[in-house]
Amino acid sequence: KLPNSYFASSTWGYQQLLVDFAGPILEDIAVASEFGNMSTSFKKYRESLINLYQIKPTFASGISYSAAKIVLQAIKNVGSNSSDIKEYLSTPREYEYAYGKVKLNEFGDAHVDTFNIIKILNNKPEIIKKIKMSINEE
């Protein structure tokens, strides 16, 4: 640990699997990430995966879960015609996803409502600050 130093990492740097393998060397590393605040529905889904497979899903599971929910919402709203689904998904709108709210623009770029500053403390990722974002700005 260096005095007066601040280390940062990409989002995957706070994943528990990496923390478990790297151990104390990651202590105090900081990450800015939209992941961390799980929605109630994703928490239930995550628990069912843990019960079924005895492993903890990573943030990628949340993204996959969210993508599937968004596509299913499109199908529910416009039917199964691929052109209609494409048009629905290319219209900017807000969705609930595994970690809060997300707005997809016409190109599919995601704008999230919250970013978290996460630090590894006592060998676990902990949110130390939440930053609310405006998802209505492009």
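Visitor: How many residues of the lining of the largest pocket are nonpolar, polar and charged?
Guide: This is a predicted model. A pocket is an open set of points on a 1 Å grid over the protein atoms alone, where a 1.4 Å probe fits, with protein on both sides within 12 Å along at least five of seven lines; lining residues have an atom within 4 Å of a point. Ala, Val, Leu, Ile, Met, Phe, Trp, Tyr, Cys and Pro count as nonpolar, Asp, Glu, Lys and Arg as charged, and the others, Gly among them, as polar. The lining of the largest pocket has five charged residues, four polar ones and 11 nonpolar.

Visitor: What type of model is this, and how was it treated?
Guide: Residues are numbered from 1 along each chain as its sequence is written, and side-chain values use heavy atoms, with hydrogens and water left out. Local features need pLDDT of at least 70, side-chain atom pairs count only at pLDDT 80 or more, totals for chains, interfaces and linings use all residues, and the model is predicted.

Visitor: Which element gives the largest share of the lining of the largest pocket?
Guide: The lining has 20 residues, with Gln 15, Gln 16, Arg 46, Pro 57 and Pro 125 nearest the pocket centre. At least two residues each come from α1 (16-22), α2 (40-53) and β7. The largest share is four residues, and it comes from β7.

Visitor: What pattern does the chain follow along the sequence?
Guide: Helices (H or I, at least four residues) and strands (E, at least two) are DSSP runs, numbered from the N terminus. The chain has four helices and seven strands. Read in sequence, they give β-α-β-α-α-α-β-β-β-β-β.

Visitor: Where in β4 is the bridge partner of Arg 93?
Guide: β3 and β4 form a hairpin with two residues between them. Their pairing is antiparallel, over five bridges. In β4, Arg 93 has as its bridge partner Leu 104.

Visitor: Is Asn 122 buried or exposed?
Guide: Asn 122 lies in the loop between β6 and β7. Its phi is positive, about 55°, although Asn 122 is not a glycine. Exposed means over 50% relative accessible area. At 64% relative accessibility, Asn 122 counts as exposed.

Visitor: What is the phi of Asn 123?
Guide: Asn 123 also sits in the loop between β6 and β7. At 29% relative accessibility, Asn 123 is partly exposed, the class between buried and exposed. Asn 123 is a residue other than glycine, yet its phi is positive, near 65°.

Key
Two strands pair if DSSP finds at least two bridges between them. Buried means under 20% relative accessible area, exposed over 50%, partly exposed in between (1.4 Å probe, protein chains only).
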